[in-house]
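Student: I'm new to this one. Could you take me through its salt bridges up close, and then show me what sits in the core?

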Amino acid sequence: GSDRPDIQQACRELAKGMSSPTQAHWKALKRMGRFLKHRPRLVQHFRNQKSITDLEVWCDADHAGCVGTRKSTTGCVILLGTSTTKTFCRGQGMISLSSGEAEYYGLVSATAEALGEASLLKDWGIKVGVQIYMDATAGISLGSRRGLGRAKHIDTLFLWVQEYVTKGKIKIGKKHTSEMLADFLTKSVPENVIIKALNEMGYKYEEGQHELALRV
């Protein structure tokens with residue numbers, strides 16, 4: 001599912017049951033099978049772009065979304081101009097005590113990925129800034145200030161993002177939840193929400209096979 005952002009969250013949930021699957025996992029697998037039968041082909045379009053100034057990073061987190069472990073999930077969409085270069089759905093390694101803390105851990109993960117892509121582009125002679133969008137005010141507040149404030153239990157290992165924001169190496173902006181492209185990567189959402197986000201990311205569902213596809 002790495003090339004199908006619409007099923008990344010479902011694949012992650014199914015992967016949790018690979019060692020000891022239950023009836024619930026089997027039911028979820030059949031449901032995803034029916035979805036793929038209904039939407040077998042997802043095509044990514046790369047639009048012509050004259051200039052690119054920023055990597056746009058859309059970051060979201062679902063606090064304590066895993067019922068079994070109470071760990072949170074991070075979703076991220078990285079756009080180079082109007083073209084999607086990377087998406088991921090990833091479980092957080094630690095248990096967050098608040099939604100703001102979960103969003104901040106998601107910010108750390110997304111920033112690391114974005115800086116890696118920016119470094120690669122720099123090697124190719126393309127210099128871009130990093131603009132991160134989040135929908136959680138608490139997560140933005142934690143990332144934009146210096147120090148922990150009341151969240152003193154957060155490991156100082158994660159505070160490097162604050163320094164990058166202070167020095168202007170990355171910028172953090174606010175987006176409403178209804179605009180958040182990474183929302184469908186953290187939890188189950190209605191199909192219309194997925195389609196809306198995919199369209200903005202340059203993806204479109206199409207029928208049939210491409211003319212160059214292998215005929216079976």
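Tutor: Let's start with the tally: this is a predicted model, and the count of salt bridges in it comes to 12. How buried or exposed are the two partners? Arg39 has 19% relative accessibility, so it counts as buried; the cut-off for that is under 20%. Glu191, at 34%, counts as partly exposed.

Stay with helix H6 for a moment, since Glu200 and Lys196 both lie there, four residues apart, or about one turn of the helix. They form a salt bridge too, and the closest N and O atoms are 3.1 Å apart. Both partners are partly exposed: Glu200 has a relative accessible area of 38%, and Lys196 has 42%. Elsewhere, salt bridges with shared partners join Arg12, Glu13 and Lys16 into one network.

Now try Glu163 and Lys167, where the side chains meet in a salt bridge at 2.9 Å, N to O. Here Glu163 is partly exposed at 33% relative accessibility. Lys167 reaches 54%, so it counts as exposed, the cut-off being over 50%.

In soluble globular proteins, nonpolar side chains tend to be buried together. The largest nonpolar core in this model has 27 residues, and Val57, Tyr104 and Ile132 touch the most other members. Which elements supply at least two residues each? They are strands E2 (54–62), E3 (73–80), E5 (129–134) and E6 (170–174), along with helices H3 (99–123), H4 (137–144) and H5 (160–166). The largest share comes from H3, with eight residues.

Leaving aside residues up to four places away in sequence, Val57 touches Cys76, Val77, Ile78, Ala110, Ala114, Val130, Gln131, Ile132 and Tyr133. Apart from this core lies another, of 17 residues, which includes Trp58, Leu79, Met180 and Ala197.

Key:
Residues numbered from 1 in each chain as written. Predicted model: local features only at pLDDT ≥ 70, side-chain atom pairs only at ≥ 80, totals over all residues. Heavy atoms only, no water. Core = buried A, V, L, I, M, F, W, Y, C linked by side-chain atoms within 4.5 Å. Buried < 20%, exposed > 50% of the residue type's maximum accessible area, 1.4 Å probe, protein only. Contact = heavy atoms within 4.5 Å. Salt bridge = Lys/Arg side-chain N within 4 Å of Asp/Glu carboxyl O.
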